[in-house]
Amino acid sequence: MAALDVHPVRMGISPGRRLTQLIAGLLLYGVSMAMQIEATLGLAPWDVLHEALNKLTGLSYGTVVAIASAAVLLCWLPLRQRPGIGTVANVVVISVSVDIALAVLPTPSALAVRIALLVGGVVLNGLATAAYIGVRLGPGPRDGLMTGISARTGWSTRWVRTGIEVAVLAAGWLLGGTAGLGTALYALAIGPLAQAFLPHVTWQPRAGTGIGH
């Protein structure tokens with residue numbers, strides 16, 4: 001199967017449909033992060049790192065996410081990735097939405113509810129990731145790193161994503177972040193989930209539009 005084309009396309013093409021999907025995907029991503037955090041069964045690898053930095057700095061999760069995003073953007077330079085409006089929106093919308101969701105969502109005590117919250121958060125995160133990559137308005141910092149490495153090496157998106165998650169998990173754990181069953185579930189499932197959802201939510205131009213990259 002040929003790889004999906006997720007190269008950025010200028011915002012002037014189908015802006016209403018694409019911007020709506022972008023913002024919805026980013027909001028869902030922030031909510032999915034909060035769901036996994038509130039499940040207290042182990043954080044996603046990036047959130048293990050975010051939690052460690054949160055403990056070290058005293059900053060909110062959202063603020064830590066924004067700072068980490070800026071740092072990841074520096075890694076784009078050797079990959080020749082170019083940010084788009086989706087990249088900027090990713091940093092802003094996710095950082096704000098995760099803090100709001102954490103303030104609203106309760107922390108359940110029943111194990112069955114916590115498991116459901118965790119699994120739902122992981123699946124929602126995979127859908128949200130595919131949704132905002134698929135609008136082709138520029139990937140988020142972390143997913144630009146994923147797609148950039150995949151494009152430069154020819155490696156599968158799912159394995160590149162999994163490799164990044166494992167490396168980030170190790171760094172976060174060494175800095176004092178919390179890992180658990182949910183961490184393993186996320187690290188193993190997010191790559192295949194994002195790749196499975198991507199064909200269903202990727203925007204493609206109509207034939208004859210002559211869109212270039």
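View A. Asn125 counts as buried because its relative accessibility is 1%, where buried means under 20% relative accessible area, exposed over 50% and partly exposed in between, with a 1.4 Å probe and protein chains only. The structure is a predicted model, in which local features need pLDDT of at least 70, side-chain atom pairs count only at pLDDT 80 or more, and totals for chains, interfaces and linings use all residues. Residues are numbered from 1 along each chain as its sequence is written, and side-chain values use heavy atoms, with hydrogens and water left out. Asn125 belongs to helix H5, residues 111-134; helices (H or I, at least four residues) and strands (E, at least two) are DSSP runs, numbered from the N terminus. Setting aside neighbours within four places in sequence, the contacts of Asn125 are Tyr29, Ser32, Met33, Gln36, Arg161, Tyr186 and Ile190. Contact means heavy atoms within 4.5 Å.

**View B. The aromatic pair of Tyr29 and Tyr132.** The structure holds 1 aromatic pair. Tyr29 and Tyr132 form this pair edge-to-face, with 5.8 Å centre to centre and 65° between the planes. Tyr29 is in helix H1 (residues 15-39) and Tyr132 in helix H5, so the pair ties together parts that are 103 residues apart in sequence. Rings of Phe, Tyr and Trp (its six-membered ring) pair if their centres lie within 6.5 Å; planes under 30 degrees apart count as stacked, over 60 as edge-to-face and the rest as tilted. Both tyrosines, Tyr29 and Tyr132, are buried. Not counting residues up to four places away in sequence, Tyr29 touches Ile94, Asn125, Ala128, Thr129, Tyr132, Arg161 and Tyr186.

**View C. The largest nonpolar core.** This core has 46 residues, and Leu22, Leu26, Tyr29 and Ile164 are those with the most contacts inside it. Two or more residues each come from H1, helix H2 (45-57), helix H3 (61-74), helix H4 (85-104), H5, helix H6 (141-153), helix H7 (157-174) and helix H8 (181-201). A nonpolar core is a set of buried Ala, Val, Leu, Ile, Met, Phe, Trp, Tyr and Cys residues joined through side-chain atoms within 4.5 Å. In soluble globular proteins, nonpolar side chains tend to be buried together.

**View D. Helix H4 and what covers it.** H4 has 20 residues and reaches 28 Å from its first C-alpha to its last, close to the 28 Å expected at 1.5 Å a residue. The expected span is 1.5 Å times one less than the number of residues in the helix. Among the buried residues of H4 are Gly86, Asn90, Ile94, Ser97, Val98 and Leu102. H1, H3, H5 and H6 are included in what covers the buried residues of H4.

**View E. Trp76 in the loop between H3 and H4.** Trp76 is placed in this loop and counts as buried at 2% relative accessibility. Apart from neighbours within four places in sequence, Trp76 is in contact with Gln81, Arg82, Pro83, Thr87, Pro139, Gly140, Pro141, Gly144 and Leu145. The C-alpha atoms of Trp76 and Ala103 are separated by 32 Å, with the two residues 27 apart along the chain.

**View F. Two arginines over tryptophan rings.** The charged end of Arg18 sits over the ring of Trp203, 4.5 Å from the ring centre. Arg142 lies over the face of Trp46, at 4.8 Å from the ring centre. A charge sits over a ring if NZ of Lys or CZ of Arg is within 6 Å of the ring centre and within 35 degrees of the ring normal.

View G. Most residues other than glycine have a negative phi. Thr40 has a positive phi near 50° and lies in the loop between H1 and H2, where Thr40 is partly exposed with a relative accessible area of 43%. Arg136 also has a positive phi, of about 60°. The loop between H5 and H6 holds Arg136, which is buried with a relative accessible area of 2%.

**View H. Leu174 in helix H7.** Leu174 is found in H7 and is exposed, with a relative accessible area of 68%. Leu174 and Leu185 are 11 residues apart along the chain, and their C-alpha atoms are separated by 19 Å.
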